[in-house]
Amino acid sequence: VSERDSFWRALSKQQQQEVYEERHLKFISSLGKGNFGRVDLCRYDPLGDNTGEMVAVKQLQSSKQSNMADFQREIQTISSLHCDYIVKYRGICYSAGRLSMRLVMEFLPFGSLISYMEKYKHIITTRRMLLFTSQICKGMEYLQHMRYVHRDLAARNILVSSDTLVKIADFGLTKIVPLDKEYYRVTQSGESPIFWYAPESLSEYKFSHKSDVWSFGVLLHELFSYCELSRNPKRLSLHRIGGDIQSAMMTVHLFNVLKENWRLPAPALCPPKVYSMMMQCWAFNSEDRPTFSILQDLIESSLQDERE
Ligand SMILES: Cc1cnc(Nc2cc(F)c(C3CCN(C)CC3)c(F)c2)nc1Nc1ccc(F)c(N2CCCS2(=O)=O)c1
């Protein structure tokens with residue numbers, strides 16, 4: 001009980017206010033599984049007349065101590081973020097009986113960018129893709145302003161709210177950069193999305209706003225490849241380094257080909273200015289990479305080209 005109560009007390013006054021009562025949270029369907037968590041679509045229906053709002057509810061799969069701590073940090077992170085391009089925190093559902101708590105978020109009806117692009121790739125325009133790019137960049141500028149490093153920026157973690165709005169989601173790996181340093185060094189590697197990692201993250205486990213910029217470039221590659229599985233970063237990188245390497249060596253081989261200046265090839269039909277943006281994000285030395293505000297200007301200029 002004490003552990004449960006200590007978590008409860010740890011929540012700020014503001015977070016405790018947004019409490020969702022379990023008895024009014026009606027399960028509708030499972031949306032998917034991600035970092036240690038499962039996300040369900042629920043209707044929060046206190047009036048019991050099916051007029052309540054639809055919400056996305058994330059709960060831990062295993063109540064392992066380390067996962068609990070990560071989940072609590074994820075809740076602290078997402079509840080402190082207020083930005084149009086970041087999925088909104090609604091509150092927490094603290095199930096009285098069980099130890100587990102659940103994170104309640106706004107529901108985005110179109111799902112992840114990957115499923116959206118698969119479905120609409122035949123009608124989506126370059127302009128629309130640049131609009132999505134600009135929104136993700138604005139979300140990342142805000143995240144950087146709050147001194148957060150996302151560490152898992154990838155198309156699978158971008159959610160689509162409407163045909164004209166996408167948001168950054170899944171803060172399971174997000175860390176705060178300490179005030180006295182420009183980067184965060186992780187100890188446990190866990191399930192690492194190494195094909196989205198900057199060289200310094202592969203070799204020294206260093207994560208910074210500049211490593212998020214590298215991942216942003218990989219996300220841009222996914223988007224302008226219409227999130228096609230045959231063209232995804234993991235598939236293309238494995239093709240370059242040889243697919244039969246066991247995972248420990250994979251990081252080393254990936255680092256080496258990046259050191260030798262291999263990069264993901266330009267997606268078919270990708271505007272030259274957009275590929276040039278990706279290549280700038282993939283500068284080997286982190287200080288040579290653009291900031292998200294410089295990227296915003298480059299995106300605006302590409303949008304101009306598409307307008308004329
Ligand atoms: C916070 C949030 C808000 N809205 C939504 N809308 C949403 C709407 C949908 F139609 C779908 C799909 C679309 C495709 N068809 C076949 C099944 C349902 C969908 F997947 C999601 N999803 C949220 N989260 C979420 C859900 C599910 C997740 F797997 C992950 N993760 C992904 C990487 C780590 S993760 O576990 O965080 C986050």
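Arg156 counts as partly exposed, at 33% relative accessibility, where partly exposed covers the range between buried, under 20% relative accessible area, and exposed, over 50% (1.4 Å probe, protein chains only). This residue of the predicted model lies in the loop between β7 (148-149) and β8, with helices (H or I, at least four residues) and strands (E, at least two) taken as DSSP runs and numbered from the N terminus. Once neighbours within four places in sequence are set aside, Arg156 is in contact with Ser112, Ile114, Pro193 and Trp196, contact being defined as heavy atoms within 4.5 Å.

Arg156 also forms a salt bridge with Asp152, with 2.8 Å between the closest N and O atoms; the term stands for a side-chain nitrogen of Lys or Arg within 4 Å of a carboxyl oxygen of Asp or Glu. The C-alpha atoms of Arg156 and Tyr44, which are 112 residues apart along the chain, are separated by 26 Å.

## Basis of the model

Residues are numbered from 1 along each chain as its sequence is written, and side-chain values use heavy atoms, with hydrogens and water left out. Because this is a predicted model, local features need pLDDT of at least 70 and side-chain atom pairs count only at pLDDT 80 or more, whereas totals for chains, interfaces and linings use all residues.

The protein averages a pLDDT of 91, and 91% of the residues score at least 70; pLDDT is the predictor's confidence in each residue, from 0 to 100. Where pLDDT is low, the predicted coordinates should not be read in detail. For the complex, the predictor gives an ipTM of 0.97 and a pTM of 0.92.

## Overall architecture

The secondary structure of the protein consists of eleven helices and twelve strands. With a radius of gyration of 20 Å, close to the 19 Å that the globule rule gives for 308 residues, the protein is as compact as a globular protein of that length; the radius is taken over C-alpha atoms, and the rule is 2.2 Å times the number of residues to the power 0.38. The C-alpha trace spans about 55 × 45 × 40 Å along its principal axes.

Of the 308 residues in the protein, 50% are buried. Among contacts between residues at least 6 apart in sequence, 64% join residues at least 24 apart. The accessible surface comes to about 14800 Å², and 54% of it belongs to carbon and sulfur atoms, the areas being computed by the Shrake-Rupley method with a 1.4 Å probe, and only the protein chains shown counting as cover for residues.

## Buried faces of helices

In helix α4 (residues 113-120), the buried residues include Leu113, Tyr116 and Met117. These residues cover an arc of only 95 degrees around the axis, which puts them on the same side of α4, the arc being that of the directions from the helix axis to the C-beta atoms. The buried residues of α4 pack against α5 (126-145), β8 (158-162), β9 (165-168) and α7.

Helix α8 (residues 233-241) has Pro233, Leu236, Ser237, Leu238 and Ile241 buried, and what covers the buried residues of α8 includes α7 and α9 (247-259). After α8 comes Gly242, whose phi is positive, near 90 degrees.

His209, in helix α7 (residues 209-224), is buried, with a relative accessible area of 13%. Neighbours within four places in sequence apart, His209 is in contact with Gln144, Arg147, Tyr148, Val149, Val177 and Phe292.

Asn67 lies in helix α3 and counts as buried at 4% relative accessibility. With neighbours within four places in sequence again left aside, Asn67 is in contact with Phe36, Leu60 and Ser62.

## Salt bridges

Side chains of opposite charge can pair when their charged atoms come close. The structure holds twelve salt bridges, and one network of them links Lys58, Glu74 and Asp170.

Asp70 forms a salt bridge with Arg73, the closest N and O atoms being 2.8 Å apart. Asp70 and Arg73 are separated by about one helical turn, because they are three residues apart in helix α3 (residues 65-79); Arg73 is partly exposed, with a relative accessible area of 32%. Arg23 pairs with Glu21 in a salt bridge whose closest N and O atoms are 2.9 Å apart. In that pair Arg23 is exposed, with a relative accessible area of 62%, whereas Glu21 is partly exposed, with a relative accessible area of 35%.
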